[in-house]
Amino acid sequence: MSAPVQIESVTYSYKTAVSERKVLNDVSLRIEPGEIVILTGPSGSGKTTLITLIGALRSAQEGSVQVLGHELRDAGEKEMTRVRRQIGYIFQQHNLLDSLTVAENVMMSLQLCDEKLSSAEQRQRVVEVLSQVGLEEHVDKYPRALSGGQKQRAGIARALVTRPTLILADEPTASLDKESGRTVVELIQALCQEQGASVVLVTHDNRILDVADRILHLEDGEIQSISEAVSANTSQMLRLLDRHDPQASLYLSAFSLALTRVAMADNTIDDTERDMIRTVLNQSSDLGQGEVDLVMELAMSQVRCKSAINGQAHSIFSEEQARHFIDSMHAVAAADGETSPEELAEIRKIAEELGFPVPS
């Protein structure tokens with residue numbers, strides 16, 4: 001089965017009479033069948049532009065955009081429309097029509113698609129998908145009778161009723177509370193896996209990243225893997241903080257680690273404890289929310305590792321891992337041309353802490 005989305009060397013700019021702003025710069029991307037890809041990035045990074053190119057809602061200026069077997073670069077309106085009818089769209093706002101019932105809103109997608117069904121078959125398909133999203137008791141109600149989360153679920157039903165092979169979701173949890181947002185994204189995940197659909201989901205919500213098969217980060221018009229983005233942003237954050245206020249940098253590192261150790265002393269950490277740590281760190285620094293979350297996760301990973309080690313009578317790592325760990329520490333120590341006694345002493349100390357054979 002060919003990839004439903006294949007983008008090569010796409011560049012896109014917004015042009016006016018006096019200026020030009022490049023929002024995508026030589027972007028290449030491939031989405032595999034059945035894959036859930038989450039796209040993150042700051043506001044203005046080009047996420048919406050990219051997803052509208054994939055969704056045949058705008059035409060590419062440079063490069064190749066192949067979606068569901070169609071080349072969209074220089075495609076005519078008829079072909080663009082044909083592709084749009086094969087894609088399920090889920091937006092931040094549900095965009096339900098208040099004058100239509102929930103069933104009628106969902107049925108509109110079926111009436112616009114190429115699949116020809118009788119009225120009875122359409123009704124059966126609509127009721128079936130609304131039941132899948134937990135709205136079986138609200139089929140013939142009007143949107144005003146639904147909660148925000150229920151309206152968004154109706155929007156998901158509308159996107160999935162045509163059984164598309166590609167789903168595009170643009171900030172589907174942004175207008176929802178934590179519980180409703182989590183329910184919605186897990187629903188997208190479950191139903192798309194059931195139907196074998198690929199998903200491209202744009203989000204700022206780091207609470208839902210775990211549903212993805214792959215996470216990509218778009219910044220300054222270029223795509224990075226999440227590991228590349230985290231590495232670059234962490235290094236930049238720590239350098240800036242250290243340069244601005246070295247004492248604050250030391251304090252924040254120690255502070256976040258201490259708060260995390262207290263919260264995880266009983267081997268668990270719940271959302272209320274996480275929220276409290278986040279609040280305290282926000283009040284104690286000028287970091288952005290994403291940076292605070294990153295500091296928290298780094299501290300938690302250290303505490304988890306230490307707890308796992310302390311809870312074992314022997315090392316939690318294999319002999320091969322221990323050997324690689326020690327060899328790598330020696331390589332780093334010798335990188336400047338010599339290994340000092342202080343570096344050797346530190347290697348021994350770390351080996352002892354981790355339960356490794358202490359090097360001679």
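This is a chat about a predicted model of one protein.

User: Hi! What kind of model is this, and how are its residues numbered?

Analyst: Hello! It is a predicted model, with residues numbered from 1 along each chain as its sequence is written, and side-chain values use heavy atoms, with hydrogens and water left out. Local features need pLDDT of at least 70 and side-chain atom pairs count only at pLDDT 80 or more, while totals for chains, interfaces and linings use all residues.

User: What is the mean pLDDT of the protein?

Analyst: The mean is 80, and 83% of the residues reach 70 or more. pLDDT is the predictor's confidence in each residue, from 0 to 100.

User: Where is confidence lowest, and where is it highest?

Analyst: Helix α7 (residues 226–244) is lowest, at a mean of 57, and β4 is highest, at 93. Helices (H or I, at least four residues) and strands (E, at least two) are DSSP runs, numbered from the N terminus.

User: Which strands form the open sheet?

Analyst: Four strands do, in the order β2-β1-β4-β5, and their pairing is antiparallel. Two strands pair if DSSP finds at least two bridges between them.

User: Which strands stand at the edges?

Analyst: β2 (20–31) and β5 (70–71) do; each has a single partner strand, so one side of each is left without a neighbour in the sheet.

User: How many bridges join β4 and β5?

Analyst: Two bridges, with β4 covering residues 62–67 and the pair running in the antiparallel sense. As one example, Gln66 has Glu71 in β5 as its bridge partner.

User: Changing topic: how many salt bridges are there?

Analyst: The structure holds eight. A salt bridge is a side-chain nitrogen of Lys or Arg within 4 Å of a carboxyl oxygen of Asp or Glu. Side chains of opposite charge can pair when their charged atoms come close.

User: Which residue does Arg214 form a salt bridge with?

Analyst: Its partner is Glu35, and the closest N and O atoms are 2.8 Å apart. The pair links distant parts of the chain, 179 residues apart: Arg214 is in strand β9 (residues 214–219), and Glu35 is in the loop between β2 and β3 (36–40).

User: Is Glu35 buried or exposed?

Analyst: Glu35 counts as buried, at 12% relative accessibility, whereas Arg214 counts as partly exposed at 28%. Buried means under 20% relative accessible area, exposed over 50%, and partly exposed in between (1.4 Å probe, protein chains only).

User: And what about Arg84 and Glu77, how do their side chains meet?

Analyst: They meet in a salt bridge at 2.4 Å, N to O. Arg84 is partly exposed, with a relative accessible area of 22%, and Glu77 is exposed, at 52%.

User: Where do Glu186 and Arg182 sit?

Analyst: Both are in helix α6, and because they are four residues apart, about one helical turn separates them. Salt bridges that share partners join Arg182, Glu186 and Asp210 into one network.

User: Which residues line the largest cavity?

Analyst: Ile36, Val185, Ile188, Gln189, Val199, Leu201 and Val211 do. The space in this cavity is about 30 Å³, and α6 supplies the largest share of the lining, three residues.

Technical notes: 1 Å grid on protein atoms, 1.4 Å probe; cavity = no way out; pocket = protein on both sides within 12 Å on 5 of 7 lines; lining within 4 Å. Points joined across faces, edges and corners; volume = space filled by probe spheres on them.
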